[in-house]
Amino acid sequence: MLFPALILYTIFVAYPYINSLLYSFTDWMGVGPKHFIGLGNYIRLFTEPRMAHTFWRALSHNAILFGVSMLFAVGLGLSFAFVLSSRKLKGRGFFKVVYFLPYILPSLSMGFIWRYILHPRWGAINEMLKAVGLVSWTHAWLGDLKTAFPTIMAIWCLRCTGFYILFFMAAILSIPEELRDAAMVDGCNRLQTIWYIELPLLKPTILLLSLLNFINAFNAFDMIYALSDLTGTPFGRSDVLMLFFYRTAFGSVNNPFGEGLGMGAAVAVVMAVFLIVVSFLFLRAIQKSQVEY
Amino acid sequence: MLLVWAGLFSWGFTQEPTQIEVWVWGDLTAQFMEHLQATFNATHPAYQVTIVGKKAEEYNTILTNALQGGAGPAVFLTRINPMPTQFGQAGLSPALNDLVPALAAYDPASLAALSDAEGNVYAVPYAVVAYPVYYNVDIFAAQGLSVPTTWEEFLGVCKALKDAGIAPISMYHAGWAFTEILHPAVAAAFLPEEWLEALETGQVNYTSPEFIATFEAIEELVPYLIDGWEGMTYGDARAAFANGEAAMIFDGNWSVPTFKDLNPDLNFDVFVLPGPAGKMYWRLDGGWGMNAALEGAQRDAAIAFLNYVAGPYANEILARDLGILPAAPGVRMAQADPLSRKISELRVTHGVKIMYGIGGQVALKYSGFYGALGTATEGVLLGTLTPEEAARMVEESK
């Protein structure tokens, strides 16, 4: 039964991974001969100032995106989930749809839509600011060195929050009502019930969604590409690892091979190792936190 | 005997023509080449060419994968170096020096963008792109301004426009456009030809005062850029110019039909950015390459097509239908758009050949140059780099 799946896995997952690893030890440009250069690409990536600077800068942006989205997407998602889980709240379905709606849109489309909304000359945000007399606040949100990445992160969080709300709501609603009732009988108020009963029970879900958030933040590409460009404008302030990988491996129209596919593969391998190690640690923590009720 | 001859005669007329595919970037490009295709097929009845447009954004990848996978077209448009040389050195496309005799008459600067260091030419030059400054004739007339002839006059025009509440220059925030349009346009106006020759022979480098001066000039433009340029794409900037929101824009000749399409009433013209050197940057836009795997009649058909597109008649058609500036010598451009013709004439009188990076041998040696030039220009425009730091960034990318 597992054999067909194993064949598919080998062709579409294992083979590309192994191939990328092998390419990373070559100077292959994507066309022409490949020469084995050992760890040359890896040494260059971490020692050549231009490459190393760009790599660490992109990695730090991914890390910031992860941190901010933990706070404002996962954190807010959890908070909203508690509010929306209340059976007393009217219009729960409406709010669920409203919060989840941004997640339904493909992230690339959402990026382009926000690009229009934030357009410096005729975008809705600046027009609204002008309408309420805040003309001095209008500016190029995505082109300004100070506001570009915070704006991108805000849009990122706005998109993801609804997804986390739904997951957290499902987890909250699966907690047996008797546990809450028992806590109430023992004199706990709502906040104490959340803090002492529900949050500990939600720990595996929180860790799981944190892992998903980590993977998403470090694989961020399409929305950021739509909101900036392949170089992570302005001046690399919104550069992330996937953009760095893409332009390293594939270049651009008149720079068609970038730094070469060998170098691009090396970047991809470093990213994969980093993601695998951290994901493994997350999974260990999730296993340890499993609870039964 | 008579029957045999009759049979051969009728075979000659009924034989199916050899069919080949020619790939170009973009469906629109293919559509505009319909007449080129029709004339070739009409004048070469033994061959049947089909020009196929491939997605422009992914063209490089699609073409490279197809050629490497043995499923490539007979003839294809290729970008300038390093692409054609890489194809040639990988054995995917042959040197055309002997197959297309007309190549000998081409401008060596055009051929250099499609050749390796040994002089093997891997594609027939397709078109030239040139980079003038576009200006809105009505805005200039309303403000009583004339075309500037010195850099100081140019800055004076910018100031006069700004003082009148008009955005002087429409600008984009795009690394590729800084590398391919803005910096080369300014550099052509500022860098003396002796310096460019000295650069090629290694006597000077990018940290020399002449090159720093190009970034100083770009720095001087900053106060005159359209408000909000930091958040504008290349398309936004072109639309702003076409809609009269700004009086000038640095752009390539390919935008002539775009501006007319965006605003048919736009009254615009071009001038060469004035500076100490007073030149206009131009470079080759691409070339027609051939699949090395072809054999027999398919190979003959491809060679016939390459010789056809190397000649003046095919280029006359392309200049009229696509608005390109032909790279082929002896093309009159009689039916081309007058503004395209003017830019073509300016290239002859003011053009400066490949200076650095894009398409030249530098592109083959230094893969980081392209990105570094764009980032350095962006840094100067945003005020995060001084001209000296920008020049050093470019030098260190080597």
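The part to be examined is the loop of chain B that holds Asn267(B). Where does Asn267(B) lie, and with which residues is Asn267(B) in contact, leaving aside its neighbours within four places in sequence?

Analyst: This is a predicted model, in which local features need pLDDT of at least 70 and side-chain atom pairs count only at pLDDT 80 or more, while totals for chains, interfaces and linings use all residues. Residues are numbered from 1 along each chain as its sequence is written, and chains are lettered from A and ligands numbered from 1 in the order in which they are written.

Asn267(B) belongs to the loop that runs between helix 13 (255-262) and strand 8 (268-271) of chain B. Helices (H or I, at least four residues) and strands (E, at least two) are DSSP runs, numbered from the N terminus.

Asn267(B) is partly exposed because 13 C-beta neighbours lie inside 10 Å. By definition, a residue is buried with 20 or more other C-beta atoms within 10 Å of its own, exposed with 12 or fewer, and partly exposed in between, the C-beta atoms being placed from the backbone.

Apart from neighbours within four places in sequence, Asn267(B) is in contact with Asn136(B), Val137(B) and Asp138(B). Here, contact requires that the C-beta atoms of two residues, placed from the backbone, lie within 7 Å. From Asn267(B) to Ser255(B), the separation is 12 residues in sequence and 14 Å in space, C-alpha to C-alpha.
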